[in-house]
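Please open the structure in a viewer and keep the selection panel at hand. The stops below are intended to be followed in order.

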Amino acid sequence: PVNVDIATLKSEFLSHYYKGKARPRTAYTFGLIYWWSRMASVLPGVANFFTQAPIVSDIVKFIGGIAPQRKMPEFAKQTFRQWFINRKRSAGSTTKPKVILWIDTFNNFFLPETLIAGVEVLEAAGFEVVIPKQSLCCGRPLYDFGMLDTAKRMLREILHSLQNEIQAGMPVVGLEPSCVAVFRDEMTNLFPHDHDAQRLKMQTFTLAEFLEKKAPDFKIPKLNKKILLHGHCHHKAIMKIKDEDTLLQKMSDDYKLLDSGCCGMAGYFGYERGEHYEVSIKVGEHELLPAVRNADKGTLIVTDGFSCREKIEKETDRKGLH
């Protein structure tokens, strides 16, 4: 309410405080998730054995500072990037306007079906979907631990890799709200005088924003179902929920935006052992989880955040949809 950006203050403080010091082990467990995930994707079955098997997973959780009560997400057998490259070999190019689908770490390595569905929607709306030529990450988890030097290097890599597309005005659609928020907030804070960073900020959209602003003639299918929408925290704070609200109202005559605050997961927070796990559960039980449990079985529970969907799936008998 008083326009104090606590998240940025925290990142800056931790960046200075840990200069030349070892960080808590959770910083390396969660902050470096992009690199851990890339390694795991080589042999996902082996990685899942260590994160899912009894006793073995308990040891891994202890080493990583993860709450023993928390079940870790499973790595997908095939990443979205692998699926897209294999598909693209046979699909070829078109004359349709191009849009970049941002491959976020969470959906790429854990829930590729989200990005696959994103491809289908964007193609149905009349666009040709392309992806960055090299594997990239916005570094979202790094900000939580003040690893700003590493985050800057990753963002520079993005600006260099996508320079031609950015300068050509090609739009970018992100399905993970926390990643979209990086391009709309942290990137321009770290590079306030970089013109490509400013362009990328203006050219990055959530899926609903893109469909509302860039594909207004796309006929959204009607759903004869109830829809409950939970807003991701970064989404509400940075991008706002207006376009998602508008889109879902077109899709359903029985739609409700939950006044549910935070799901309690907050990225890595809900995975940490000790009091953070307990707080995470209490926050989720304040509003969101009871609303999900009380919803009719036919109601679609919609939330775009990976961590929000994880929370719903692990603490209720329902599954959250993007």
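Is Lys98 buried or partly exposed? Select Lys98 in this predicted model: with a relative accessibility of 34%, Lys98 counts as partly exposed.

**First stop: Lys98 and Glu128**

The side chains of Lys98 and Glu128 form a salt bridge, at 3.6 Å from N to O. Lys98 belongs to strand S1 (residues 98–102) and Glu128 to strand S2 (residues 128–130), so this pair ties together parts that lie 30 residues apart in sequence. Glu128 has a relative accessible area of 5% and is buried. Side chains of opposite charge can pair when their charged atoms come close.

**Second stop: Arg140 and Glu186**

Next, select Arg140 and Glu186, which form a salt bridge with their closest N and O atoms 3.1 Å apart. Arg140 is in helix H9 (residues 140–144) and Glu186 in helix H12 (residues 177–190); the pair links distant parts of the chain, 46 residues apart. Arg140 is buried, at a relative accessible area of 7%, and Glu186 is buried as well, at 12%.

Now select Asp149 together with Lys19. Their side chains meet in a salt bridge of 3.2 Å, N to O. Asp149 lies in helix H10, whereas Lys19 lies in the loop between helix H1 (6–17) and helix H2 (25–31), so the pair ties together parts 130 residues apart in sequence. Asp149 is partly exposed, with a relative accessible area of 42%, while Lys19 counts as exposed at 52% relative accessibility. A search of the whole structure finds 17 salt bridges.

Which residues have the most contacts inside the largest nonpolar core? Select Trp102, Leu155, Ile158, Phe183, Met187 and Leu200, which hold that place in a core of 54 residues. Helix H10 (residues 148–161) contributes the largest share of this core, namely six residues. In soluble globular proteins, nonpolar side chains tend to be buried together.

Centre the view on Leu155 and display its surroundings. Apart from neighbours within four places in sequence, Leu155 is in contact with Cys138, Tyr143, Val182, Phe183, Met187, Leu190 and Phe191.

To finish, select Phe84, Leu101, Phe210 and Ile227. These residues are included in a second, separate core, which has 31 residues.

Conventions. Residues are numbered from 1 along each chain as its sequence is written. This is a predicted model: local features need pLDDT of at least 70, side-chain atom pairs count only at pLDDT 80 or more; totals for chains, interfaces and linings use all residues. Side-chain values use heavy atoms; hydrogens and water are left out. A nonpolar core is a set of buried Ala, Val, Leu, Ile, Met, Phe, Trp, Tyr and Cys residues joined through side-chain atoms within 4.5 Å. Buried means under 20% relative accessible area, exposed over 50%, partly exposed in between (1.4 Å probe, protein chains only). Helices (H or I, at least four residues) and strands (E, at least two) are DSSP runs, numbered from the N terminus. Contact means heavy atoms within 4.5 Å. A salt bridge is a side-chain nitrogen of Lys or Arg within 4 Å of a carboxyl oxygen of Asp or Glu.
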